[in-house]
Amino acid sequence: MIGAAAVVLCSESGVVEKKLNPLAKILAFSEVGVDPICMGTGPIQAVNNVLKKIGWSKDDVDLYELNEAFAVQSIVVNQTLGFGSSKS
């Protein structure tokens, strides 16, 4: 199976100027660095940072994409954030 994807990012003024109909809007982002001993746990703080910035709770989001290289990292992140398998 072969697949591909593309994302086009545009400023709000660009959307207005080009009369575009956006499918999504980036409300906030977070960059987090963690001690190498805790490698792979960065999404925990990043998710919490973004939720705090926009004033949401974790339950206000339908689906999280937490892309970690190793299964154990995903398990730790999901357990620490309290996500069930239906959220991530």
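## Close-up views of a predicted model

**Figure 1. The outward side of helix α3.** The face of α3 turned away from its buried side carries three exposed residues, Ala-71, Val-72 and Gln-79. The structure shown here and in the following views is a predicted model. On the buried side of α3 are Gln-73, Val-77, Asn-78 and Leu-81. These four residues lie on the same side of α3 because they cover an arc of only 125° around the axis. The helix α2 is the partner against which the buried residues of α3 pack. Just after the end of α3, Gly-82 adopts a positive phi of about 75°.

**Figure 2. The packing of helix α2 with helix α3.** Two packed helices are described by the angle between their axes and the distance between the axes. Here, helix α2, comprising residues 42–54, and helix α3, comprising residues 71–81, pack at an angle of about 35°. Their axes are 9 Å apart. The crossing in which α2 passes α3 is right-handed. From α2, the contact is made by Pro-43, Ile-44, Val-47 and Asn-48, while α3 contributes Val-76, Val-77, Thr-80 and Leu-81. Sorted by class, the contact of α2 with α3 has six nonpolar residues and two polar residues, but no charged residues.

**Figure 3. Thr-80 in helix α3.** The residue Thr-80 lies in helix α3 and takes part in the contact with α2. In sequence, Thr-80 and Ile-44 are 36 residues apart. In space, the distance between Thr-80 and Ile-44 is 7.2 Å, C-alpha to C-alpha.

**Figure 4. Gln-73 in helix α3.** The residue Gln-73 also belongs to helix α3. Its relative accessible area is 8%, and Gln-73 is therefore buried, a class that requires a value under 20%. When residues up to four places away in sequence are not counted, Gln-73 touches Met-39, Gly-40 and Glu-68.

**Figure 5. Phe-29 in the loop between α1 and α2.** The loop between α1 and α2 contains Phe-29. With a relative accessible area of 54%, Phe-29 is exposed. Phe-29 touches Val-50 and Lys-53, leaving aside residues up to four places away in sequence. Phe-29 and Val-50 are 21 residues apart in sequence, and their C-alpha atoms are 5.8 Å apart in space.

**Figure 6. The backbone at Lys-19.** Most residues other than glycine have a negative phi. Lys-19 has a positive phi of about 55°, although Lys-19 is not a glycine. This residue lies in the loop between α1, which spans residues 12–18, and α2. Lys-19 counts as exposed, at 76% relative accessibility.

**Figure 7. The cysteines Cys-10 and Cys-38.** Cys-10 has a relative accessibility of 44% and counts as partly exposed. Cys-38 is likewise partly exposed, with a relative accessibility of 35%. A search of the whole structure finds zero disulfides.

How values were computed
Residues are numbered from 1 along each chain as its sequence is written. This is a predicted model: local features need pLDDT of at least 70, side-chain atom pairs count only at pLDDT 80 or more; totals for chains, interfaces and linings use all residues. Side-chain values use heavy atoms; hydrogens and water are left out. A disulfide is a pair of cysteine sulfur atoms within 2.5 Å. Buried means under 20% relative accessible area, exposed over 50%, partly exposed in between (1.4 Å probe, protein chains only). Axes are lines fitted to C-alpha atoms, for helices over the stretch in contact, and angles run from 0 to 180 degrees between N-to-C directions. Helices (H or I, at least four residues) and strands (E, at least two) are DSSP runs, numbered from the N terminus. A crossing is left-handed if the near helix is turned anticlockwise from the far one by less than a right angle, and right-handed if clockwise. Contact means heavy atoms within 4.5 Å. Ala, Val, Leu, Ile, Met, Phe, Trp, Tyr, Cys and Pro count as nonpolar, Asp, Glu, Lys and Arg as charged, and the others, Gly among them, as polar. The arc is that of the directions from the helix axis to the C-beta atoms.
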